[in-house]
Amino acid sequence: MASAFSHAVVALGIGACFYRPGTPKRVWVIGALCSAIPDLDVIGFRFGVHYSDFWGHRGFTHSLVFAALLATAALAIGFWRKPAGLGRFLLWIYFFLATASHGLLDAMTDGGLGVAFFSPFNNARYFLPWTPIRVSPIGIGRFFSPRGLEVVCSELLWIWLPAALLSVSAWLIRRRTAHST
Ligand SMILES: [Zn+2]
């Protein structure tokens with residue numbers, strides 16, 4: 001896993017590209033939650049689920065199918081009435097991307113097993129060819145250690161900075177189009 005905060009930051013960065021005036025704030029809160037939910041699979045470790053299992057860490061909950069299911073659930077529960085700003089289709093795409101970004105980030109970390117992107121059809125685990133992000137230790141206790149600091153620095157550089165650049169670019173593009181219309 002990359003840490004939950006970093007996943008949320010990416011969800012907000014993607015959200016900046018979807019921003020429309022009048023969009024309710026809970027859209028971004030739900031997007032951030034969607035991006036962190038896949039790591040609830042670590043609970044399985046307590047119940048004897050193995051890392052490489054279907055329900056193991058980075059297994060089904062990190063797949064594209066799970067992202068589609070979670071996006072559908074988030075839309076059904078949070079937005080059964082049409083929200084202002086974004087339409088339902090764009091909201092679904094946003095929640096899907098926010099959730100799917102989680103697996104993508106994990107596949108860019110340098111440790112653990114890869115991500116089961118294509119579960120439940122294929123439980124093989126994948127990494128991207130490029131893995132610059134230091135893998136975050138599982139559990140809060142181990143996070144506060146020299147290794148934890150190294151993880152924070154690598155996440156700031158490879159996750160927070162690109163997410164911030166994405167948000168600023170989206171904002172600049174919106175401002176330009178607003179001025180030119
Ligand atoms: Zn994860």
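Residues are numbered from 1 along each chain as its sequence is written, and side-chain values use heavy atoms, with hydrogens and water left out. Because the model is predicted, local features need pLDDT of at least 70 and side-chain atom pairs count only at pLDDT 80 or more, while totals for chains, interfaces and linings use all residues.

The chain holds seven helices and zero strands. Its elements run α-α-α-α-α-α-α from the N terminus on. The radius of gyration is 17 Å, close to the 16 Å of the globule rule for 181 residues, so the chain is as compact as a globular protein of that length. Helices (H or I, at least four residues) and strands (E, at least two) are DSSP runs, numbered from the N terminus. The radius of gyration is taken over C-alpha atoms, and the globule rule is 2.2 Å times the number of residues to the power 0.38. Along the principal axes, the C-alpha atoms fill a box of roughly 55 × 35 × 30 Å.

Buried residues make up 43% of the 181 residues. Buried means under 20% relative accessible area, exposed over 50%, and partly exposed in between (1.4 Å probe, protein chains only). The chain exposes about 10000 Å², and carbon and sulfur atoms supply 74% of this area. Accessible areas come from the Shrake-Rupley method with a 1.4 Å probe; for residues, only the protein chains shown count as cover. Contact means heavy atoms within 4.5 Å. Among contacts between residues at least 6 apart in sequence, 65% join residues at least 24 apart.

The largest nonpolar core has 27 residues, of which Val-27, Cys-34, Phe-79, Leu-91, Tyr-94 and Phe-95 touch the most other members. Helix 1 (4–18), helix 2 (26–36), helix 4 (64–78) and helix 5 (88–106) each supply at least two residues of this core. Helix 5 gives the largest share, seven residues. A nonpolar core is a set of buried Ala, Val, Leu, Ile, Met, Phe, Trp, Tyr and Cys residues joined through side-chain atoms within 4.5 Å. In soluble globular proteins, nonpolar side chains tend to be buried together.

Thr-99 sits in helix 5. Its relative accessibility is 3%, so Thr-99 counts as buried. Leu-70 lies in helix 4. With a relative accessible area of 15%, Leu-70 is also buried. From Leu-70 to Gly-22 the separation is 48 residues in sequence and 24 Å in space, C-alpha to C-alpha.

Most residues other than glycine have a negative phi, and most peptide bonds are trans. Arg-58 is not a glycine, yet has a positive phi of about 65°. At 0% relative accessibility, Arg-58 counts as buried. The peptide bond from Ser-119 to Pro-120 is cis, with omega near 5°.
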